[in-house]
2 protein chains.
Amino acid sequence: MSSAPVSPNGVRHGARGRARREEILRAAIEVIAERGFRGSSIAAVAEKVGLTQQGLLHYFPTKDELLIAVLRQRDEWDTGDSPEAAGNDWTMGNLATLVEANAARPELIRTFSALLGESVTEDHPAGAYFHDRYRGTREDMESILRREWGEDLPSGLTAAQAAPLLVAVMDGLQFQWLHEPEAVDLVAAFRAFVGLLGTRAAE
Amino acid sequence: MSSAPVSPNGVRHGARGRARREEILRAAIEVIAERGFRGSSIAAVAEKVGLTQQGLLHYFPTKDELLIAVLRQRDEWDTGDSPEAAGNDWTMGNLATLVEANAARPELIRTFSALLGESVTEDHPAGAYFHDRYRGTREDMESILRREWGEDLPSGLTAAQAAPLLVAVMDGLQFQWLHEPEAVDLVAAFRAFVGLLGTRAAE
DNA sequence: ACGTCACTACAGAGTCGTCGGTAGGTGATG
DNA sequence: CATCACCTACCGACGACTCTGTAGTGACGT
């Protein structure tokens, strides 16, 4: 794929535009982490990559389209980043390592937590994205749970009952962690919850 | 010296003014639910109560102070609304009824979920509030758990381990519920989680 | 009963900054 | 010479907030 030497300014080659796009997306993620989407300006993103606002608009014609591109980029990372695995060889075990990987990228977590919050408001451009993503993620979790333990988990819950809880724990812990990184151990807490799901009930 | 109630900026308000203030706070909650805090304008809030923007600023001298007042109001509701219970007679049981009560006020949930999301961004006026609130809520949950089950829960977790999970589940479920009310049963899911905590581990 | 006077509860008009977006270019690259 | 990668210049809308008034209200002295 990529075949272009990259430099912030002045390097010429065909792929210059594409490199710029990626720079812009990275900058956008940072700015959104700092100010949210509604609170951030495309001018701020542009400045971060050494462009004018209009220069940025050359690549992303509207602010909303920039956001969509950020969202899409995240999906690409999620599916392409990890060892193979577009589809379905996830286990509860490497779900924890995913959380671990997330914990290493606080700005990314901050960005998407901020967007998640905004997305519950009316007519938010990320609303549809999170709506779909939740549906999909719950389904994924459900099938992971089923693959690990079958329809009924050791703890007595069904996979369908546990899936939304699993998603909720991941999201919810992130907020606490963002507010007090020292007070909340993201990975340990998540592992504790997974342990809870896998504990066989007595009686 | 008079003894009339005083607003943050030192303006004294009579009975009429106090009623107005409450109206404004209610309207502000609605507007924030629709647009978030950064996305909403004080003019929109003012219009909702039939004031001009300047009229509103008579009561709350800045947008930030309006938000602070909203936050404070919520705390007052939380501690004053429910049967007695400023302090500590909560149990796991009526924690679930609290969730139930929340589920009946979607706009309120929406408002505070939106604010929670924004609050992770830099210099957000609600940042300190959520920071403190998380700390306090976790402590409260911990002591409730301890009162219910002692230091070690039936499931094997300690109260300190379970508290952040409890908070995370409440927050996280709300986001899913706001995006798909039909797909997520807030109360049932929460009860399932509580059941999980209280399940005795085998062997 | 009446005038005064402080104070509350607003509104009109305006300042100043920032926002997203458009129009129309220019110079380099291929 | 067409296309790409950008920039200058600009616009209309809207943001929070200030300055400056003014109608009403209640307390109080006379």
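In what order do the elements of chain A run from the N terminus on? In this predicted model, the elements of chain A follow one another as α-α-α-α-α-α-α-α-α, and the secondary structure of that chain amounts to nine helices and zero strands. Chain B is superposed on chain A by a rotation of 180 degrees with 0.0 Å of shift along the axis, at an RMSD of 0.1 Å, which is the relation of a two-fold axis. The same surface serves both copies, in that 100% of the contact residues of chain B recur in chain A.

**Chain A**

- Chain A has 203 residues, of which 37% count as buried.
- Where contacts in chain A join residues at least 6 apart in sequence, 57% of these contacts are between residues at least 24 apart.

**The contact between the chains**

- The contact draws 44 residues from chain B and 46 residues from chain A.
- On the side of chain B that touches chain A, at least two residues are supplied by each of helix H1 (15-35), helix H6 (106-118), helix H7 (127-149), helix H8 (159-179) and helix H9 (186-198) of chain B.
- The largest share of that side of chain B, 13 residues, is contributed by H8(B).
- Sorted by class, the side of chain B that touches chain A comprises 21 nonpolar, 13 polar and 10 charged residues.

**Packing of H8(A) with H9(B)**

- Helix H8 of chain A, residues 159-179, packs with H9(B) at an angle of about 95 degrees, and the two axes are 10 Å apart.
- Because angles of 65 to 115 degrees count as roughly perpendicular, H8(A) and H9(B) are described as roughly perpendicular to each other.
- On H8(A) the contact is made by A:Gln161, A:Pro164 and A:Leu165, and on H9(B) by B:Ala189, B:Ala192 and B:Phe193.
- By class, this contact of H8(A) with H9(B) has five nonpolar residues, one polar residue and no charged residues.

**B:Glu151 in the loop between H7 and H8**

- B:Glu151 is located in the loop between H7 and H8 of chain B, and B:Glu151 counts as exposed because it has 10 C-beta neighbours inside 10 Å, the cut-off for exposure being 12 or fewer.
- Leaving aside residues up to four places away in sequence, B:Glu151 touches B:Arg146, B:Thr158 and B:Ala159.
- From B:Glu151 to B:Arg26 the separation is 125 residues in sequence and 41 Å in space, taken from C-alpha to C-alpha.

Notes
Residues are numbered from 1 along each chain as its sequence is written. Chains are lettered from A and ligands numbered from 1 in the order in which they are written. This is a predicted model: local features need pLDDT of at least 70, side-chain atom pairs count only at pLDDT 80 or more; totals for chains, interfaces and linings use all residues. Copies are superposed by least squares on the C-alpha atoms of residues with pLDDT of at least 70 in both. Two residues are in contact if their C-beta atoms, placed from the backbone, lie within 7 Å. Helices (H or I, at least four residues) and strands (E, at least two) are DSSP runs, numbered from the N terminus. Ala, Val, Leu, Ile, Met, Phe, Trp, Tyr, Cys and Pro count as nonpolar, Asp, Glu, Lys and Arg as charged, and the others, Gly among them, as polar. Axes are lines fitted to C-alpha atoms, for helices over the stretch in contact, and angles run from 0 to 180 degrees between N-to-C directions. Angles under 35 degrees count as roughly parallel, over 145 as roughly antiparallel, 65 to 115 as roughly perpendicular and the rest as oblique. A residue is buried if 20 or more other C-beta atoms lie within 10 Å of its own, exposed if 12 or fewer, and partly exposed in between; C-beta atoms are placed from the backbone.
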